[in-house]
Amino acid sequence: MGLEVTDVSKHYGDVPALNRVSLKVEKGEFFTILGPSGCGKTTLLKIIAGLELCDSGRISIGGEIVTKIPANKRNVNTVFQNYALFPHLSVYENIAFGLRSRKFNRDIIEERVGKALEMLQLTHTSERYPAQLSGGQQQRVALARALVNEPAILLLDEPMSALDARLRSQVQVELRNLQRRLGKTFIMVTHDQDEALTVSDRIAVMNLATIVQIGTPTEIYERPKNKFVANFIGDANMFEATRTGDSGLITEYGTLETSLPIPWQEGAVVIRPENIRLHDSNPGFNTLPLKVRDSIYRGDHQEIWFEENNLKAKTTNHTLYRPGTEVWLEFLKDALVPLNEEE
Amino acid sequence: MKKNKRTIWRGELTTTGKLARRGWLFMSPGFFWICFFLAIPCLVLVLVSFCQREAYGGIDFTFTGENYSRLMGFGGLLGWTPDYIMILGRSLLTAAITTFFCVILSYPIAFFIGSRQGNSKYVWLTLLIIPFWTNLVIRTYAWFLVLAPEMPPARFAAWLGLIDHGAALYPGTFAVYLGMVSTFLPFMALPLYASVEAMDWSLVQAAQDLYSRRTRVFRCAILPQTYPGLSIGIVLTFIPCMGMFVVPDMLGGAKYMLMGNLIQQQFGVSRDWPFGAAISFFLMTITLVALIIIRKKGLKHL
């Protein structure tokens, strides 16, 4: 067992930052906590790191309860949001910091720091100071400084936020590969859904101090549990529906059928834009004829809006859909997701 | 190169010559101030320090190095004496100890004020500055009252057996340090507070996260970040301390002789201006060297 968080709550004054949060992270998993700013995700990370204490609940790491153990005695290390590198120490000394705190002997420090420098391709920068490094290099120093201590869990607090967009997507892949190679438990906090989908084995979506849904990227994206998750991750067409029979839904777009279980009599359903297929003629099932209102050409796909409603579709069809074109929309049966009711 | 080149400076079309003239104009008040109130008096001081004292306290303008050799203890009636060197040593020690206590007390004060929210921060800052509104002599007299025999501190000390019953806590070393530290505390606490306000707390968290105990967190994450304020505080405390004469004179009962008192004495009762000038110049030199050292060390930290 990597990490177990049970019923953890935290308040700042009257403001709840975490409200009975529970989750389990397996050893060797890349786990992401995803949510908008102010949802409590960073607080949760700080509590796991031991930099803050929770009001109630329990934290256990590797089967050992650490709820009241301070950060300097937990076998967990953090990559901070702006890296928090010590500006007056060289790259080498920054990386050696944790080992020196724990009074390792000089040979071990030299060997381990050397390995960490090599692993993150920092060997040539070891004598430089953080201010002399690029953003990407600083991030690698922060990673090396944490990983050199061989923590049971590595925590990453918005590790990409200080990088520019182009570098970010490249670093995401590198980070994922690094985690796979080391087989270590990584827990990352982010507000960027693309980032979460790219790197994670599993994602916990947070909102308003609670965890809304935990699942693999596919589950989170394709089977969102409620409106918040559906809206926060990716694009979503959402509309009200009334159940008819076992799998029928009466909606403003006519009666549609879903292959997913419907847990209510009246509720909301969601369908991703790419799961609305466009056809020139009626394919016969779960369909609706509409006129194109507007379309945007994005190179590898087109985004299309229709007259008289707010539906949005994405297509990789080669036809160019100009305003006024008449098309048949097909709602894919296994992608029409009935949402759980909001509490 | 053309002397009067046309150029644009902050959106204004002008010439380099005009800019240079304007620069001189803006510089002149500060320049004259430093000239007339710093450079020239210092020069006079150095000049006087190489002169002789007239029988009735005037200045005899004949060159001599006697004042400096006397300061080093030579030329007395009984041969070499360490008196003045001891006074210098005592001054350095007093200044160092005062500065040390100011540092020890200022860190908690700076962090306390730094952690206050909203308006209470300004209330505490004002409380720290309020003593400056009163004259130093009056503040020092106030200590007489606080340390008087019938007041609780003296009674408590007597009860502990540290002093006789009915005795005051002044004059004495304790009273001198109390007076000195209370005088200079704001000079240390204020710059330190400014540094604490600008601190990046994520570095403190990083140090904790990397297995540091409290002392290491302080040494590696807090001290380097507060060093700018600390070094200014040390300069503002240590240097005036070296020249301080009011507090040691009053609370030390005129027995606690420091460089400041010695200088005051030469210009006052002893009427030996050349010797006073020599001591002053010597003190200034030491201070300057100390300043350079602090600056050098400070730059290394930043």
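In the predicted model, A:Val270 has A:Val337 of strand E20(A) as its bridge partner. Strand E14 of chain A, spanning residues 266-271, pairs with E20(A) in the antiparallel sense over two bridges; strands (E, at least two residues) and helices (H or I, at least four) are DSSP runs, numbered from the N terminus, and two strands pair if DSSP finds at least two bridges between them. Both belong to an open sheet of five strands in chain A, with the order E13-E12-E11-E14-E20 and antiparallel pairing. Strands E13 (254-257) and E20 (337-338) of chain A stand at the edges with a single partner strand each, so one side of each is left without a neighbour in the sheet.

Chain B comprises 12 helices and four strands. Its radius of gyration is 25 Å, well over the 19 Å given by the globule rule for 302 residues, so chain B is more spread out than a compact globule; the radius is taken over C-alpha atoms, and the rule is 2.2 Å times the number of residues to the power 0.38. Along the principal axes, the C-alpha atoms of chain B fill a box of roughly 80 × 65 × 35 Å. Of the contacts in chain B (heavy atoms within 4.5 Å) with a separation of 6 or more, 61% involve residues 24 or more positions apart.

Residues are numbered from 1 along each chain as its sequence is written, and chains are lettered from A and ligands numbered from 1 in the order in which they are written. For this predicted model, local features need pLDDT of at least 70, side-chain atom pairs count only at pLDDT 80 or more, and totals for chains, interfaces and linings use all residues, while side-chain values use heavy atoms, with hydrogens and water left out.
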